[in-house]
Amino acid sequence: MRLLIAEDDRMTADTLARRLREEHYAVDVCYDGTDAWEYLSATEYDVAVLDIMMPGIDGVSLVEKMRRKGLATPVLLLTARDAVSDRVQGLNAGADDYLVKPFAFEELSARLRVLTRRTRQGTNRFELADLVLDADSRTVSRGGVEIVLTSREYALLEYMIRNKRRVLTRAQIEEHVWSYDYEGASNMVDVYIRNLRRKIDDGHAQKLIHTVRYAGYVLREAP
């Protein structure tokens, strides 16, 4: 999944990004509300984590602008103020949740999982044939056997299984799985698809990862 973190405290923002990348998220980071709006206008994010007190456009005003423009991206607001009025203002503006600083990273991670579950038909467990991905525990298995994936492989598989039976172009995969600061080879999608095939499909009669010529890739049962 792809997240945006907009937080003017650079140390906080960069630390959150590092920890979330370790949990298999693709993360973009910016440090003011104006840049955050540009990111949100250009890219589809699964969740935006916005600090309320940001230069440029503050977090509450940014949420209001998002909702006016029809952007339904779930928003988790970060605030250093614990006043009820501040929390109510953020939620009334269209935010989905809030977290008061200082907070434990584990709580932020849990709230992100709840937000994604809420927007994905109430579950973070995905199945296709005998392939199972549990986004809460970050585990993958096929035929009851656990499969160990790298962070990027996991992010790619999660995106594909959340969109199972839907053909995904290389551009869609790149945009959703890789953040803007990633510098890799031009064939990186093909390389990671090949790695996933080796781990997911090798040794199984039923193949689940398919190439659609001139279009992209799809995760589905064999026709």
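Predicted model: local features only at pLDDT ≥ 70, side-chain atom pairs only at ≥ 80, totals over all residues.
A crossing of two helices is called right-handed if the near helix is turned clockwise from the far one by less than a right angle, and left-handed if the turn is anticlockwise.

In the pair formed by helix 6, residues 151–162, and helix 7, residues 170–177, the axes come within 10 Å and cross at roughly 120 degrees. Because an angle between 115 and 145 degrees is neither roughly perpendicular nor roughly antiparallel, helix 6 is described as oblique to helix 7. The crossing in which helix 6 passes helix 7 is right-handed. On the side of helix 6 the contact is made by Arg152, Ala155, Leu156 and Tyr159, and on the side of helix 7 by Gln172, Ile173, His176 and Val177. Sorted by class, the residues in this contact of helix 6 with helix 7 are five nonpolar, two polar and one charged.

The loop between helix 6 and helix 7 holds asparagine 163. With a relative accessible area of 12%, asparagine 163 falls under the 20% limit and therefore counts as buried. The side chain of asparagine 163 also makes a polar contact, at 2.7 Å, with the side chain of arginine 166.

Although phenylalanine 126 and isoleucine 161 lie 35 residues apart along the chain, their C-alpha atoms are separated by 6.7 Å. When neighbours within four places in sequence are left aside, the residues in contact with phenylalanine 126 are Leu131, Val132, Leu133, Ala135, Ile161 and Arg162.

The other helix pair is described in the same terms, since two packed helices are characterised by the angle between their axes and the distance between the axes. Helix 2, residues 33–42, packs with helix 3, residues 59–68, at an angle of about 25 degrees, and their axes are 10 Å apart. Because an angle under 35 degrees counts as roughly parallel, helix 2 and helix 3 are roughly parallel to each other. Helix 2 likewise passes helix 3 in a right-handed crossing. Here Gly33, Ala36, Trp37 and Leu40 of helix 2 meet Leu62, Lys65 and Met66 of helix 3, and the residues of this contact divide into five nonpolar, one polar and one charged.

Definitions and conventions
Residues numbered from 1 in each chain as written. Heavy atoms only, no water. Axes fitted to C-alpha atoms, helices over the stretch in contact; angles between N-to-C directions. Helix = DSSP H or I, 4+ residues; strand = E, 2+ residues; numbered from the N terminus. Parallel < 35°, antiparallel > 145°, perpendicular 65-115°, else oblique. Contact = heavy atoms within 4.5 Å. Nonpolar A, V, L, I, M, F, W, Y, C, P; charged D, E, K, R; others polar. Buried < 20%, exposed > 50% of the residue type's maximum accessible area, 1.4 Å probe, protein only. Polar contact = N/O pair within 3.5 Å; in protein donor to acceptor, adjacent residues only side chain to side chain.
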